[in-house]
Every structure is written in C-alpha cells, then in structure tokens.
Amino acid sequence: MTSTPSRSSLDPEIAARLRRSPDGLVPAIAQQYDTGEVLMLGWMDDEALHRTLTTGRCTYWSRSRQEYWVKGDTSGHFQWVKSVALDCDADTVLVRVDQVGAACHTGDRTCFDADVLLTTADSGVTAQDQ
C-alpha cells in the first residue's frame, strides 16, 4: 500500500468533506471545460488538491513515483484549471480545464479514445430505451 504525505494546507472545510481511499487519495477526472471531452484520470491527495486550487494548474499524486507532478511541467501539455467540483459523495474530483496539447502520456489528446468497448449504436439501445 502506498501512502501520501499527511501535511496539507487544504482548507479544513474542504478536507472535512472529502471521502478518500484507504491510501488517502481521491480520483480526479480532467475534463475539457468548453467541449466536455473527458481527458484523463489522475489521483489527488489533500495537498495536490490544495495546489490545484491555489495555482490554477493541475497537480496530481503519482502512485508509482510517490511524488507530486504538475501536468505540463515536463511535457509542456498544460492543464489550466477553470473549475473544480466534488461529486455528490465527495469521493471524486472533477477538474474542468483548458488542455494545451495532449492529455495522455501516449501523446493522444485524451486517454479515453484508444479502446472504445461499446458505442450506443453497437448496443442496440435507442434514445427511447433510455
């Protein structure tokens, strides 16, 4: 099991609302603010969320490297924060961003366009069925 640093400057009212995984993280979905395109999923602890809220740039916690990373610092593919919201259970963060360049580490615009498993046309579901 991984662990993240426990010290954070996150507003205590926001921190009290968060429902974290056992390792102290919440999934953070990055979405293009003007098109609604889902770009990527990263992980945040309290400090990463604090940095995201205060710098206007997405900061994530790397589970593999055990360190913070700011989207764009090495790739030049920045995520400029437009808004941040919690879902109804306060266990997922939605960060609406203006993505500059690719969001995916593979160089693709989004992490969610490589393996489409099912489309509405393939499923036989129509708008009347929904």
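Visitor: Before we look at D46, what does "contact" mean here?
Guide: Contact means heavy atoms within 4.5 Å. The structure is a predicted model.

Visitor: Which residues does D46 touch, leaving out those up to four places away in sequence?
Guide: With those neighbours left out, D46 touches S8, L10, A15, L18 and R20.

Visitor: Where is D46 found, and is D46 buried or exposed?
Guide: D46 is found in helix 2. The residue counts as buried because its relative accessible area is 18%, and buried means under 20%.

Visitor: Let us step back. How many helices and strands does the chain have?
Guide: There are 3 helices and 6 strands. Read from the N terminus, the order of elements is α-β-β-α-β-β-β-β-α.

Visitor: What share of the residues is buried?
Guide: Of the chain's 130 residues, 34% count as buried. The accessible surface of the chain is about 7,900 Å², and carbon and sulfur atoms account for 51% of that surface.

Visitor: How many residues are in the largest nonpolar core?
Guide: That core has 20 residues, and those with the most contacts inside it are L39, M44, L49, Y60, V93 and V95.

Visitor: Which elements give two or more residues to this core?
Guide: They are strand 1 (26-32), strand 2 (38-44), helix 2 (46-55), strand 3 (59-62) and strand 6. In soluble globular proteins, nonpolar side chains tend to be buried together.

Visitor: Y60 is on that list. What does Y60 touch?
Guide: Not counting residues up to four places away in sequence, the residues that Y60 touches include A28, A30, M40, W43 and M44. Also among them are E67, K71 and Q79.

Visitor: Now the surface. Which residues form a nonpolar patch there?
Guide: V38, L41 and F112 form one, with about 270 Å² of accessible area together. F112 lies in the loop between strand 6 (93-99) and helix 3 (120-123).

Visitor: Changing topic to the cysteines: how many disulfides does the structure hold?
Guide: The structure holds 0 disulfides.

Visitor: How accessible are C111 and C88?
Guide: C111 is partly exposed, at 35% relative accessibility. C88 is exposed, with a relative accessible area of 79%.

Conventions:
Residues are numbered from 1 along each chain as its sequence is written. This is a predicted model: local features need pLDDT of at least 70, side-chain atom pairs count only at pLDDT 80 or more; totals for chains, interfaces and linings use all residues. Side-chain values use heavy atoms; hydrogens and water are left out. Patches are made of residues with over 30% relative accessible area and no salt bridge: like charges are joined within 9 Å, nonpolar side chains (Val, Leu, Ile, Met, Phe, Trp, Tyr) within 5 Å. Accessible areas come from the Shrake-Rupley method with a 1.4 Å probe; for residues, only the protein chains shown count as cover. A salt bridge is a side-chain nitrogen of Lys or Arg within 4 Å of a carboxyl oxygen of Asp or Glu. Helices (H or I, at least four residues) and strands (E, at least two) are DSSP runs, numbered from the N terminus. A nonpolar core is a set of buried Ala, Val, Leu, Ile, Met, Phe, Trp, Tyr and Cys residues joined through side-chain atoms within 4.5 Å. Buried means under 20% relative accessible area, exposed over 50%, partly exposed in between (1.4 Å probe, protein chains only). A disulfide is a pair of cysteine sulfur atoms within 2.5 Å.
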